[in-house]
Amino acid sequence: MAKIIKKSKELENKYNEKKNEGSGKAALIGALVLIVFLCTVAAFFFSSAVPLVFAGISLLLCVIVIAAGNPDNTSELEILESGIKGERETMRILSRLPDSYTVFLNVRYAENCEADSIVVGKTGVFIVETKNVNGEITGYADENEWSQRKVGRGGTTYGKYLKSPVKQVKRNIYHLSELFKKNGIRTYIEGVVFFSSPEADVAYIRSENNIPVFVYSNARGRDMLNYIVNSDEKLNEKSISKINKLISKL
């Protein structure tokens, strides 16, 4: 089993932040509703308009809190949760690599540049970009955007675009290569894209010598593992140790 090192919990932190934000607003709305109810009851029993004034103010505050809420908060939570599930599934699969491999998760090494996974072993360095999306995905290697077609909860089919994961992993390779050069490390870095959802059907038009794309529904990640393990050996123990130490310090 490969050694797993998690460098960041950014997705989990963002998810918890959004979830707590929603819980806080729900608690506040609940408290205001309770005040409205109690004031209304008091006005009824004591025949006074004062409780009704407080009830009206509380009701107005309740409306303001609801109106000020982020309507996209639920969708943001769903996106973050999907990302976390994808990372965990990829980690589970990559952990099945041999003991000599190290897998670094969520590695930030340049401004606005974070690799989902970096695999280091005798067959080289691999950056794995994980996408946990559903539906029919179509993309060309050199395009900036890929199309996604899926069926919504109501049975309606709709489409949208997502940033090319191939372009993303190429960008990550460039920045990691620059970091390696600054630290006296000269080695080829390979990129891999992995669609971790069982409900993803991917049609990828790959050009020659381009980034390979693996889909969970095709081989449950076994093809990705075989690709990494069966690549030509590029690193000796000294080089592996140097690379692992550098990434561990990030």
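How many nonpolar, polar and charged residues does the lining of the second largest pocket have, by class?

## The model and its overall make-up

This is a predicted model, in which local features need pLDDT of at least 70 and side-chain atom pairs count only at pLDDT 80 or more, while totals for chains, interfaces and linings use all residues. Residues are numbered from 1 along each chain as its sequence is written, and side-chain values use heavy atoms, with hydrogens and water left out.

The chain has seven helices and 10 strands; helices (H or I, at least four residues) and strands (E, at least two) are DSSP runs, numbered from the N terminus. Of its 250 residues, 40% count as buried. Here buried means under 20% relative accessible area, exposed means over 50%, and partly exposed is in between (1.4 Å probe, protein chains only). Among contacts in the chain with a separation of 6 or more, 63% are between residues 24 or more positions apart, where contact means heavy atoms within 4.5 Å.

## The largest pocket

Let us turn to the pockets. They are found on a 1 Å grid over the protein atoms alone: a pocket is an open set of points where a 1.4 Å probe fits, with protein on both sides within 12 Å along at least five of seven lines, and lining residues have an atom within 4 Å of a point. Grid points are joined across faces, edges and corners, and a volume is the space filled by probe spheres set on the points.

The largest pocket holds about 1600 Å³ of space. Its lining has 41 residues, and Ile 79, Ser 82, Gly 83, Lys 131 and Val 133 are the ones nearest the centre. At least two lining residues come from each of α1 (10-46), α3 (73-94), β2 (102-110), β3 (113-121), β4 (124-131), β6 (145-151), β7 (157-163) and α4 (165-182). Helix α3 gives the most, with 11 residues. By class, the lining divides into 17 charged, 15 polar and nine nonpolar residues. In this scheme Ala, Val, Leu, Ile, Met, Phe, Trp, Tyr, Cys and Pro are nonpolar, Asp, Glu, Lys and Arg are charged, and the others, Gly among them, are polar.

## The second largest pocket

The second largest pocket contains about 170 Å³ of space. Here is the answer to the opening question: its lining has six nonpolar, three polar and three charged residues. Among the residues that line this pocket are Lys 170, Tyr 188, Glu 190, Arg 206, Pro 212 and Tyr 227.

Both α4 and β8 (189-195) supply at least two residues of this lining. The largest share, three residues, comes from β8.

Helix α6 (residues 222-229) has Met 224, Leu 225 and Ile 228 as its buried residues. These cover an arc of only 100° around the axis, which puts them on the same side of α6; the arc is that of the directions from the helix axis to the C-beta atoms. As background, an α-helix has 3.6 residues a turn, so residues three or four places apart point the same way. Asn 226 is also found in α6, but is partly exposed, with a relative accessible area of 46%.

Leu 97 lies in the loop between α3 and β2 and counts as buried, at 1% relative accessibility. Not counting residues up to four places away in sequence, Leu 97 touches Leu 225, Ile 228 and Val 229, as well as Met 1, Ala 2, Val 103 and Val 119. The C-alpha atoms of Leu 97 and Asn 226 are separated by 9.1 Å, although the two residues are 129 residues apart along the chain.

Ser 231 sits in the loop between α6 and α7 (237-249) and counts as buried at 14% relative accessibility. A polar atom of the Ser 231 side chain lies 2.6 Å from the backbone oxygen of Tyr 227. Beyond residues up to four places away in sequence, Ser 231 touches Thr 123, Phe 126 and Glu 190.

Thr 130, in strand β4, is buried with a relative accessible area of 10%. Its side chain is joined to that of Thr 90 by a polar contact of 3.0 Å. A polar contact is a pair of N or O atoms within 3.5 Å; within protein, one must be able to donate a hydrogen and the other to accept it, and residues adjacent in sequence count only if both atoms are side-chain atoms.

Asn 106 has a positive phi of about 55° although it is not a glycine. Asn 106 belongs to strand β2 and counts as buried, at 4% relative accessibility. Arg 220, likewise not a glycine, has a positive phi of about 55° and is placed in the loop between α5 (216-219) and α6.
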